[in-house]
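Reader: Could we go through how some of the helices pack in this one? I'd like to take the contacts a pair at a time.

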Amino acid sequence: MTSALTHLAAGTELVEPVAGGVQLVLAALAGIALIVVLITLVKLHPFLALIFGALTVGMAAGENVSDVLASFSSGFGSTAASVGILIALGAMFAKLLADSGGADEIVDTIVGHASPRMLPWAMALVGAIIGLPMFFEIGLVLLMPVIYLVARRSQLSLITVGIPALAGLSAMHGFVPPHPGPVAAISLLNADLGVTLALGVLVAIPTIVVAGPLFGRLAGRWVVLEVPDRFDATDSRTAGSEATAGSEATATATETKTRPSFGVTIFSVLLPVALMMGKALVDIFVDDKSHLLRQTFDILGQPLMALLIAVVVGMFTLGGGAKMSRDQIVKCVESSLPAVAGIILIVAAGGGFKQVLVDTGIGTLLAEWAKGANLSVILLAWVLAVLIRLATGSATVATITASSLMLGLVEGMSSGEVSLVVLAVGAGSLFFSHVNDAGFWLVKEYFGMTVGQTIKSWSLMETVLSVSGLVFVLLLGLVI
């Protein structure tokens with residue numbers, strides 16, 4: 001496990017319960033219920049809701065307020081120090097990719113070379129590649145003009161074209177680091193990032209196929225929509241070029257007239273992934289820790305270092321490839337941080353909530369109960385994440401809370417098994433997006449759908465994505 005992520009593991013050993021089993025269960029349920037009510041009914045920001053939830057758990061368990069606050073602060077600080085840095089670096093890279101036109105280059109190249117029959121598959125690939133470094137909301141805003149124009153030019157259903165792209169975005173958001181949910185779960189459960197990344201990609205690919213092109217074909221028959229005229233091709237491109245299938249398939253504004261090449265862009269996107277997966281492979285095949293290759297990847301493959309390298313390299317490959325000036329690059333990087341400040345606070349507060357749960361001993365209690373019930377840890381992780389996702393509407397909150405409750409159950413499991421638990425939590429966190437999820441309304445408005453149409457397309461797609469992900473995780477569990 002890399003040092004950047006092991007900080008969060010400190011203090012997560014199983015502790016003796018501070019109260020009886022019934023009291024601890026009621027305390028945990030009361031804290032989670034309060035978080036749900038504050039987020040869904042009171043509309044309080046999740047950051048504050050998690051603080052109040054943590055206080056409720058600790059006090060209901062019989063701890064004094066000072067101890068609860070100390071636990072929360074410890075968890076908050078360790079999470080912000082590790083996960084927060086990764087989220088910030090990921091946001092910087094994503095902004096470089098968008099502002100340089102690199103994202104547009106990926107879209108144009110892949111979509112422009114696809115036949116009408118293969119367009120849904122191409123859109124799924126685009127969604128997955130764009131979703132690898134970008135947050136879901138950013139990727140959605142970036143891809144919507146593309147979805148409009150591809151549907152209009154190909155005469156395919158807007159849903160048939162759009163659902164595969166959304167599936168690619170959503171799967172990456174739920175399964176693959178450096179997105180906040182997977183990174184937080186990896187940290188909380190002390191999983192190996194490289195192994196989880198490799199298994200996450202392995203699960204995401206077939207999951208996207210099922211929930212994207214295959215389900216999209218059915219959903220396109222259930223929901224028939226006219227393509228909105230919100231974007232026109234003339235809005236999109238400051239770089240002048242003739243209208244081709246590729247160049248007209250995007251309407252995302254960029255500030256520069258030139259763009260980095262497709263090869264350079266793909267290299268930049270996959271660089272941090274390659275470094276982190278490379279470390280996992282070297283750890284497996286090179287036993288000697290003093291070996292130069294092992295020592296090199298122990299440094300380069302750390303998530304913080306891999307993303308830092310990606311940002312620095314991206315300034316030259318993406319920013320330089322787009323002929324951006326030094327001031328433009330600096331402004332681009334700086335402007336990425338305000339948008340993720342709230343996400344960092346929510347994830348850090350989730351770490352504080354986790355630590356309060358750990359210090360009450362609820363994890364020990366759940367571990368003993370699960371072992372006695374002989375229940376699959378992977379299935380339990382998925383169910384917990386599903387319930388919290390349905391209640392709060394937040395995939396990140398569901399991931400953090402479910403992971404916190406699973407701490408005691410992963411003790412003694414192998415690295416691969418812990419990674420599968422992380423992926424099960426990620427799959428559960430995507431289940432049935434509905435009216436309490438901001439993403440639901442974002443998709444509804446961009447596609448111009450009614451609530452019913454959104455449920456029949458987007459919500460069902462998320463459910464298929466979640467269940468398919470669980471199935472593929474369980475299948476991997478047979479051989480890991």
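Reader: Which residues of H17 meet H19?
Author: This is a predicted model, and in it Val-377, Ile-378, Ala-381, Trp-382, Ala-385, Val-386 and Arg-389 of H17 meet Leu-420, Val-421, Ala-424, Val-425, Ala-427 and Gly-428 of H19. Sorted by class, that contact holds eleven nonpolar residues, one polar and one charged.

Reader: And at what angle do the axes of H17 and H19 cross?
Author: The axes of H17, residues 377-392, and H19, residues 415-428, cross at roughly 30° and come within 7 Å. Since angles under 35 degrees count as roughly parallel, H17 and H19 are therefore roughly parallel to each other, and the crossing in which H17 passes H19 is right-handed.

Reader: Switching to H8 and H10, are they roughly parallel or antiparallel?
Author: H8 (residues 158-175) and H10 (residues 193-222) pack at about 155°, with 8 Å between their axes, and they are therefore roughly antiparallel to each other. Their crossing is right-handed.

Reader: What does H8 bring to the contact with H10?
Author: From H8 come Ile-159, Thr-160, Ile-163, Pro-164, Ala-167, Gly-168, Ala-171, Met-172 and Phe-175, and the residues they meet in H10 include Gly-200, Val-203, Ala-204, Pro-213, Phe-215 and Gly-216. By class, the contact of H8 with H10 has 14 nonpolar and seven polar residues, and no charged ones.

Reader: How far apart are the axes of H6 and H7?
Author: The axes of H6, residues 119-131, and H7, residues 136-154, lie 11 Å apart, and the two helices pack at an angle of about 170°. That angle makes H6 roughly antiparallel to H7, and the crossing of this pair is right-handed.

Reader: Which residues make the contact there?
Author: On the H6 side they are Leu-119, Met-123, Val-126, Gly-127 and Ile-130, while H7 contributes Gly-139, Leu-142, Leu-143, Val-146, Ile-147, Val-150 and Ser-154. Nine of the residues in the contact of H6 with H7 are nonpolar, three are polar and none is charged.

Technical notes:
Residues are numbered from 1 along each chain as its sequence is written. This is a predicted model: local features need pLDDT of at least 70, side-chain atom pairs count only at pLDDT 80 or more; totals for chains, interfaces and linings use all residues. Side-chain values use heavy atoms; hydrogens and water are left out. Axes are lines fitted to C-alpha atoms, for helices over the stretch in contact, and angles run from 0 to 180 degrees between N-to-C directions. Helices (H or I, at least four residues) and strands (E, at least two) are DSSP runs, numbered from the N terminus. Angles under 35 degrees count as roughly parallel, over 145 as roughly antiparallel, 65 to 115 as roughly perpendicular and the rest as oblique. A crossing is left-handed if the near helix is turned anticlockwise from the far one by less than a right angle, and right-handed if clockwise. Contact means heavy atoms within 4.5 Å. Ala, Val, Leu, Ile, Met, Phe, Trp, Tyr, Cys and Pro count as nonpolar, Asp, Glu, Lys and Arg as charged, and the others, Gly among them, as polar.
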